[in-house]
Amino acid sequence: QLACPLDLGCHSVPCFFVKQRDKAMSFLVFGGATGWIGQQLVALLKEQGKEVHVATARLENRSDIEKDIDTFKPKYVLNAAGVTGRPNVDWCEDHKIETIRANVIGTLNLVDVCYTRGLNVTNFATGCIFHYDDEHTIGGKTFTEEDSANFTGSFYSLTKGLVEGLLKNYPNCMTLRVRMPISDDLSPRNFITKISRYERVVNIPNSMTVLHDLLPVALVMTEKGLTGIYNFTNPGAISHNEILDLYKEYIDPAFTYKNFSVEEQAKILKAGRSNNELDTDKIVAAVPECRIPHIKEAMVGVFQRMAKNLGVDHKSAAAASS
């Protein structure tokens, strides 16, 4: 709480000085108008009573970025803009120029403009730039923030790995490696929704980002002024089958699914898919005031909230699926 300089005894209630403090600490969100994660960030900031502005500039247009920054004069800049492809990253294979403009040129534009104005940027990036290998095996050694990208099986991941390497040179940037983001609804962007609609799925443990748990953490990290790279996932890994079993238990007892191998999957996709487990020691140590649950615990929470949001009786669903 900001102390009142006039000592009016109003330390526990909003006053003019607190409002001025909040205004000086406003947020500007790129991707907040139409982006899935960006919109959630805007909503969360409003819930927290923060002053938040939604950027209008496209990242490819440097002059428009400068206009937004100079108009809104934010304290904090969040970047959740970019392209992942619709309905999936295969889109990027056929739209390489558009992908470069948004994910490489655009991101660098924003971070560089903010650098010239002494502003930090929280950049919501991806952890889909790694893949299990001989050194990092399933259930074995995990990828840390010091590791460089080793997965270029999709053009999307290639661009993301390239830009992460360049952003390391900017002292004003915090890169958050998001993986397979999960929400409490059945949004088409939700990883749960995606795999529940596939005819067949691979069954590989992966690091994942439960947005309910981690978006508030991102805001804490932003306000702390942290920079550098962070693996932005819940600790641990969970498999596709484990997720779909929970979906069947909590949401749809009639649901069924089939597995196939990575090799079989590759035959129906234009681009490869990243599978990995990221180390989370750094982010856990950076925000000791925040509890980030293990992914298996977090996923149960996701489905409990989802069932409530959808009006599904979990006990009845569980009985029907047994």
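A residue counts as buried when its relative accessible area is under 20%, as exposed when that area is over 50%, and as partly exposed in between. Keep those cut-offs handy for the close-ups below, and bear in mind that this is a predicted model.

**View 1. Phe 27 and Tyr 76 make a tilted aromatic pair.**
Two rings pair if their centres lie within 6.5 Å, and by this rule the model has 8 aromatic pairs. In this one, Phe 27 and Tyr 76 sit 4.7 Å apart, centre to centre, with 35 degrees between their planes. Phe 27 is buried, because its relative accessibility is 0%. Tyr 76 comes out at 7%, so Tyr 76 is buried too.

**View 2. Tyr 250 and Phe 303 form a stacked pair.**
Here the ring centres of Tyr 250 and Phe 303 are 6.3 Å apart, and the planes meet at 25 degrees, so the pair gets the stacked label. Tyr 250 has a relative accessible area of 7%, so Tyr 250 is buried. Phe 303 has 0% and is therefore buried as well.

**View 3. Lys 282 puts its charge over Tyr 230.**
The charged end of Lys 282 sits over the ring of Tyr 230. Its distance from the ring centre is 4.5 Å.

**View 4. Strand β3 pairs with both β1 and β4.**
Between β1 and β3 there are 4 bridges, in the parallel sense. Across that pairing, Val 29 stands opposite Leu 78 of β3. Strand β4 (residues 121-126) also pairs with β3 in the parallel sense, this time over 3 bridges. Asn 79 has Asn 123 in β4 as its bridge partner. Which residues cover the two faces of β3? Tyr 76 and Leu 78 are on one side, Val 77 and Asn 79 are on the other, and all of them are buried.

**View 5. The largest cavity holds about 40 Å³ of space.**
The structure has 1 cavity of 30 Å³ or more. Its lining consists of Tyr 76, Val 77, Asn 120, Val 121, Thr 122, Met 174, Thr 222 and Leu 226. β3 and β4 are the elements that each give two or more residues to this lining. By type, the lining residues split into 5 nonpolar and 3 polar, with no charged ones. Tyr 76, the ring paired with Phe 27 in View 1, turns up here as a lining residue.

**View 6. The second largest pocket holds about 230 Å³.**
Its lining takes in Gln 40, Ala 43, Leu 44, Glu 47, Ile 182, Ser 183, Asp 184, Leu 211, His 212, Leu 215 and Pro 216. Two or more of these residues come from α2 (36-47), and two or more from α8 (211-224). The breakdown is 6 nonpolar, 3 polar and 2 charged.

**View 7. Lys 73 and Met 180 have positive phi angles.**
Lys 73 is not a glycine, yet its phi is positive, at about 45 degrees. Lys 73 lies in the loop between α3 (62-72) and β3. Is Lys 73 buried or exposed? With a relative accessible area of 62%, Lys 73 is exposed. Met 180, also not a glycine, has a positive phi of about 45 degrees. The loop that holds Met 180 runs between β5 (173-178) and α7 (191-197). Met 180 is buried, because its relative accessible area is 12%.

**View 8. Ile 100 and Phe 155 have C-alpha atoms 9.3 Å apart.**
Along the chain, these two residues are 55 residues apart. Ile 100 is part of helix α5 (residues 96-116). At 31% relative accessibility, Ile 100 counts as partly exposed.

Methods: Residues are numbered from 1 along each chain as its sequence is written. This is a predicted model: local features need pLDDT of at least 70, side-chain atom pairs count only at pLDDT 80 or more; totals for chains, interfaces and linings use all residues. Side-chain values use heavy atoms; hydrogens and water are left out. Rings of Phe, Tyr and Trp (its six-membered ring) pair if their centres lie within 6.5 Å; planes under 30 degrees apart count as stacked, over 60 as edge-to-face and the rest as tilted. Buried means under 20% relative accessible area, exposed over 50%, partly exposed in between (1.4 Å probe, protein chains only). A charge sits over a ring if NZ of Lys or CZ of Arg is within 6 Å of the ring centre and within 35 degrees of the ring normal. On a 1 Å grid over the protein atoms alone, a cavity is a set of points where a 1.4 Å probe fits but cannot get out, and a pocket is an open set with protein on both sides within 12 Å along at least five of seven lines; lining residues have an atom within 4 Å of a point. Grid points are joined across faces, edges and corners, and a volume is the space filled by probe spheres set on the points. Ala, Val, Leu, Ile, Met, Phe, Trp, Tyr, Cys and Pro count as nonpolar, Asp, Glu, Lys and Arg as charged, and the others, Gly among them, as polar. Two strands pair if DSSP finds at least two bridges between them.
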